[in-house]
Amino acid sequence: MPRSTISFIRRGQRVDVSNIDPKTTLLDWLRLHERSTGTKEGCAEGDCGACTVVLARERDGKLVYEPVNSCIMLLGQVDGSEVITVEDLATSQGLHKVQRAMVENHGSQCGFCTPGIVMSLFALSHAGREIIDRSAINDALAGNLCRCTGYRPIVDAAIQACSDHSPDHFDARAEKTLELFKQFRSLEDVFVGDDDSFFAAPAAESSLAFLVQKYPDATLIAGATDVGLWITKGLAPIKKLIWLGRIRALAGVEETEATISIGAGVTHETAAPYLAAIDQDFSEIAGRFGSQQVRTSGTVVGNIANGSPIGDWPPCFLILDAELELRAGLATRTLPLEDFFIAYKKQNREPGEYLRRVILKKPGAHDHIRLFKITKRRDEDISAVMSAFRITVEEGLITQARIAFGGMAGTPKRAQSAEAAIIGLPIKDIATWRAGAEGLSADFSPLSDHRASAEYRMRVARNLIIKALAEMAGVPSSSTRIVGLREDAHVAP
Ligand SMILES: Cc1cc2nc3c(=O)[nH]c(=O)nc-3n(C[C@H](O)[C@H](O)[C@H](O)COP(=O)(O)OP(=O)(O)OC[C@H]3O[C@@H](n4cnc5c(N)ncnc54)[C@H](O)[C@@H]3O)c2cc1C
Ligand code: FES
Ligand code: FES
């Protein structure tokens, strides 16, 4: 029998919730049910961070503390973790060191953003880093907007709090919390609700495959960083939800000499070091994906499955000749990623089928990678144009080219005419770069929308081809980039 409650830890006690609308968000449960109103609602779409809370979870026998946006996280997704809110930080002994630092450094004025900022810094203070510099702090706070204080006092508070490595009351009871988690490690499936309306959280992949076939009209969620917005902003009348976040078989990254395989439950945060090892531009894109809160919830495979034409990872994976593994019931099939995206909002996925993993092929010794994300802000912004390049250069000639774009068509897509236009040409010849840029006209007719006009998209895409090839040919990246310089990675003269 599956467990019929969503179960988690609050303030050292197990909480069991049943009889709940499956699409209830964690924020609504905290504010409207538990009446813990310290956590605020600002945007209700994952952008402002006012609703940030921390989930403590067990990973490889250790406790990890991760910040999440409670406005777009569904209550069912906290099953098996401890939920920590701003009310839980101070004790009878006084404020938590993060709160104290915010007070002493004048990090709060109106205070609406403050609970979320405190929770992001609380997570950072538990990240186990010896040294936390301004860049790490800026990164940790990129998903927390403050409209009145200005960030300098907040960053000063963060430096003060995170330089203090003394244990807090969460460290003191870590063993006890891990002990409490043991009751959730069981292999029982979770099914809260009935056939018409439910939140299901299978523990085994066989149960997931069964449920997805039995309820092909259910919405599958991984991190819900997309689906959460359908609920809070689109007011989607979703009644059946299947969450794959408890399935260990889908939670891993496997690496061989030639491939990296990323399971459907793997978050951006977990995948980041593996992707960074492919090339330093992968590290740059991983660091600019949403915010820390989005990266600790959202998954790499979810970014593909949603079929968005402006998702960051699909173009980056298209150039690596990625493949998808899909499963329906007991049958699995493998598909080139390229064949998954059929048209706008139409993917090669049958009802009752789900994505198991994405398999990336590592670049070869003569391959050069460049990835460029074009947005209005550096942090926490969706691409207007996303571009990815893998160019093989042997003895000065381009022998193979993979170029892919997001934001240029109804799906993420390879630029096959641009690729063909440069194969066989010398990388160092400016005419080669121009040929690539010209080739693009046959590949795309982009649309205008609120992010960018069609003309802008085409011009920037052409310029990105020239930039990528110029960098590979040896033009110093100090003349092509503001951040992420990479002088060491050029084609040998
Ligand atoms: C504030 C904010 C910032 C963001 N920034 C970025 C950004 O910088 N770049 C970017 O590309 N995106 C961004 N996103 C979008 C989103 O975070 C990503 O697309 C994310 O990777 C989605 O993963 P998820 O696990 O949350 O997907 P979910 O929301 O759980 O699911 C998304 C879709 O995929 C389906 N799905 C999920 N897993 C599977 C599976 N295994 N098999 C079949 N279908 C599945 C779901 O049914 C749904 O249709 C942002 C979102 C927010 C809220
Ligand atoms: S309320 Fe703005 S991120 Fe949740
Ligand atoms: S202190 Fe006012 S929004 Fe941050």
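These notebook entries record what I looked up in a predicted model.

**Ground rules**

I worked with a predicted model, in which local features need pLDDT of at least 70 and side-chain atom pairs count only at pLDDT 80 or more, while totals for chains, interfaces and linings use all residues. Residues are numbered from 1 along each chain as its sequence is written, chains are lettered from A and ligands numbered from 1 in the order in which they are written, and side-chain values use heavy atoms, with hydrogens and water left out.

**Entry 1: the cores**

I began with the nonpolar cores, each a set of buried Ala, Val, Leu, Ile, Met, Phe, Trp, Tyr and Cys residues joined through side-chain atoms within 4.5 Å. Buried stands for under 20% relative accessible area, exposed for over 50%, and partly exposed for what is in between, with a 1.4 Å probe and protein chains only. The largest core holds 52 residues, and those with the most contacts inside it are Ile-262, Phe-282, Trp-313, Phe-317 and Val-358. Another core lies apart from it and has 37 residues, including Leu-89, Cys-113, Leu-121 and Phe-181.

I then listed the contacts (heavy atoms within 4.5 Å) of Trp-313, leaving aside neighbours within four places in sequence, and found His-268, Leu-275, Phe-282, Ile-285, Ala-286, Phe-289, Val-300 and Asn-303.

**Entry 2: ligand 1**

From Lys-373 a polar side-chain atom lies 3.0 Å from an oxygen atom of ligand 1. On its own, ligand 1 has 980 Å² of accessible area, and the protein covers 95% of this; the areas come from the Shrake-Rupley method with a 1.4 Å probe, and for residues only the protein chains shown count as cover.

Helices (H or I, at least four residues) and strands (E, at least two) are DSSP runs numbered from the N terminus.

Is Arg-10 buried or exposed? I found Arg-10 in strand 1 (residues 6–10), and it counts as buried because its relative accessible area is 4%. The side chains of Arg-10 and Thr-85 are joined by a polar contact of 3.2 Å. Beyond four places in sequence, Arg-10 touches several residues, among them Val-15, Leu-30, Glu-34, Ser-36 and Asp-88.

I followed that list to Ser-36, which is in the loop between helix 1 and strand 3 and is also buried, with a relative accessible area of 5%. The side chain of Ser-36 makes a polar contact of 2.5 Å with the side chain of Glu-34.

In helix 1 (residues 26–33) the buried residues are Leu-26, Leu-27, Trp-29 and Leu-30, and they pack against strand 1, strand 2 (13–17), strand 3 (52–59) and strand 5 (82–84). Just after helix 1, Arg-35 takes a positive phi of about 65 degrees.

**Entry 3: loop residues**

I noted that Asn-19 has a positive phi of about 50 degrees although it is not a glycine; Asn-19 is in the loop between strand 2 and helix 1 and counts as exposed because its relative accessibility is 79%.

Gln-109 has its place in the loop between helix 2 (97–104) and helix 3 (114–125), and it is exposed, with a relative accessible area of 56%. Leaving aside neighbours within four places in sequence, I found Gln-109 in contact with Cys-148 and Thr-149.

How values were computed. Polar contact = N/O pair within 3.5 Å; in protein donor to acceptor, adjacent residues only side chain to side chain.
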